[in-house]
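Please open the structure in a viewer and follow the stops below in order. Each stop names a selection and then describes what is found there.

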Amino acid sequence: MSNPSSVAVVGAGAWGTTLALHLDSVGASVRLVTRDEEQADAIRAAGENVRYLSGVPLAPAIGVTSDIRMAAQDADVVFVVVPTQAVREISQRLRTVFAGNTLVVSCSKGLERDTLARSSEVLSDVGGIPVERIAILSGPNLSGEIVRGLPASAVVASAALFTAETVQSLLSSARFRVYTSRDVIGVEIGGALKNVIALGAGVSDGLRMGQNAKAAFITRGLAELTRLGIAAGANPLTFGGLSGLGDLIATCESPLSRNRTFGQLLSEGLSMEDARQRIGHVVEGATTAYAMAELGRRYGVETPIADAIVAVLDGQVSVDDAIHVLLTRNQRAELD
């Protein structure tokens, strides 16, 4: 499979649809798998994904189906682009159709709330997919920019260099530069936990706390997720790369970021459920915050930011009180 050309994209949200369009543009034969036949019918009828990517025509060559078995059984590469909490179900369904030479690329950015598992672990343990056939795609990839043809970069991580390089070759174009990595843990941890930090960045924006406060918060957030990543076995240098600092900047700064927007809505007084409804899409950070705090307890790593966000989400403290707690913690050295 030196030049994979048959691709299944499982998940027809904004990012899944954007990836399908990008893969079609670089010459792959693409099937886009929806959650049900109703969604597939709606996309085929409109010629676009009205709910998640309105105004962007779907390339005629992209097949749209709700049949994951049909789409995946002959695919060279399967991209799993679903919310993290749905990866387990997709893994179970893929187990029955997985072919030995198929590569599976996880594009989910979160941790399972109950198990704290990364998506690659779920794909391997539940889907029975060998780790050397699994890759992780991550980085500062806002679908609203990529679908407009704006330049972007990403990183593909895999335990097997062949797998990472194959996916790199498949995705790369003059407007989308892809790097490889062997640090699966670091790339997944960075992509997942930056969503939690983005919630707090949104709060900062909503309260008009200024650039000094926001810069400090993002920096301390990076320190927190790096500490956790190192405890989990990641390479610390990964967090200065695309899946760490790069994704953190984009998610904390862009108005296209649903996690940042969610935090901003919380700062305006909306409840967690009201903020979810206002956004209308899955907010990975709102679930991963709980997993991040629990992961800290598992590894004995302090996670003051995650703890504060969980307390706000649970209604235990106000946003103002959470900020006060963070700012009045015991003084310490920056690099401790």
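The lining of the second largest pocket comprises 19 nonpolar, four polar and six charged residues. This model is predicted. To find the place, select Phe 217, Arg 220, Ile 305, Leu 326 and Leu 327, which lie nearest the centre of this pocket among its 29 lining residues. The space here amounts to about 730 Å³. Next, colour α9, α10 (211-232), α15 (304-313) and α16 (319-327), each of which supplies at least two residues of the lining.

Proceed to the largest pocket, with a volume of about 1300 Å³. Select Gly 13, Ala 14, Trp 15, Arg 258 and Val 282, the closest to its centre of the 49 residues that line it. Elements giving two or more residues to this lining include α1 (14-25), α9 (184-206) and α12 (258-267). The lining divides into 21 nonpolar, 19 polar and nine charged residues.

Now display the open sheet of eight strands, which has mixed pairing and the order β3-β2-β1-β4-β5-β6-β7-β8. At its edges stand β3 (63-65) and β8 (176-181); each has a single partner strand, so one side of each is left without a neighbour in the sheet. From one strand to the next, the twist averages 25°.

Within the sheet, select β1 (residues 6-10) and β2 (residues 29-33), which run parallel and are joined by five bridges. Val 7 stands opposite Val 30 in β2.

Notes:
Residues are numbered from 1 along each chain as its sequence is written. This is a predicted model: local features need pLDDT of at least 70, side-chain atom pairs count only at pLDDT 80 or more; totals for chains, interfaces and linings use all residues. Side-chain values use heavy atoms; hydrogens and water are left out. On a 1 Å grid over the protein atoms alone, a cavity is a set of points where a 1.4 Å probe fits but cannot get out, and a pocket is an open set with protein on both sides within 12 Å along at least five of seven lines; lining residues have an atom within 4 Å of a point. Grid points are joined across faces, edges and corners, and a volume is the space filled by probe spheres set on the points. Helices (H or I, at least four residues) and strands (E, at least two) are DSSP runs, numbered from the N terminus. Ala, Val, Leu, Ile, Met, Phe, Trp, Tyr, Cys and Pro count as nonpolar, Asp, Glu, Lys and Arg as charged, and the others, Gly among them, as polar. Two strands pair if DSSP finds at least two bridges between them. Axes are lines fitted to C-alpha atoms, for helices over the stretch in contact, and angles run from 0 to 180 degrees between N-to-C directions.
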